[in-house]
Amino acid sequence: MGYTKIAGTPVITGLYTMLIPTALFALFGSSRHLVVGADSATAAILAGGLVGIASTGSGEYVALAGVLALMARAS
């Protein structure tokens, strides 16, 4: 949950990024070696990319972080 502070999002976001991907991977994943969840590098890159667009911790910032995560997944 410390990574949420690096990313500039509310702490509750850390619970979602820890629990939901792990549960979905347990159901649908096949690799034993894949890391599922946030890490410090992606948190820092996310914060660096969004800091000029919206104020840290605002609703717009969290929404943009979600859109960016979905865009990264789609590519």
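Thr9 counts as buried because its relative accessibility is 8%, where buried means under 20% relative accessible area, exposed over 50%, and partly exposed in between (1.4 Å probe, protein chains only). The model is predicted: local features need pLDDT of at least 70, side-chain atom pairs count only at pLDDT 80 or more, and totals for chains, interfaces and linings use all residues. Residues are numbered from 1 along each chain as its sequence is written, and side-chain values use heavy atoms, with hydrogens and water left out.

The protein chain has four helices and zero strands, in the order α-α-α-α from the N terminus. Helices (H or I, at least four residues) and strands (E, at least two) are DSSP runs, numbered from the N terminus. Of the 75 residues in the protein chain, 16% are buried. The C-alpha atoms fill a box of roughly 40 × 25 × 20 Å along the principal axes.

| Residue | Location | Relative accessibility |
|---|---|---|
| Thr9 | loop between α1 (2-7) and α2 (12-28) | 8% |
| Leu50 | helix α3 (residues 40-50) | 5% |

Contact means heavy atoms within 4.5 Å. Not counting residues up to four places away in sequence, Thr9 touches Thr4, Tyr61 and Ala65. With neighbours within four places in sequence left aside, Leu50 is in contact with Tyr61, Leu64, Ala65 and Leu68. Between Leu50 and Leu68, the C-alpha to C-alpha distance is 9.2 Å, and the two residues are 18 apart in sequence. Among contacts in the protein chain between residues at least 6 apart in sequence, 39% join residues at least 24 apart.
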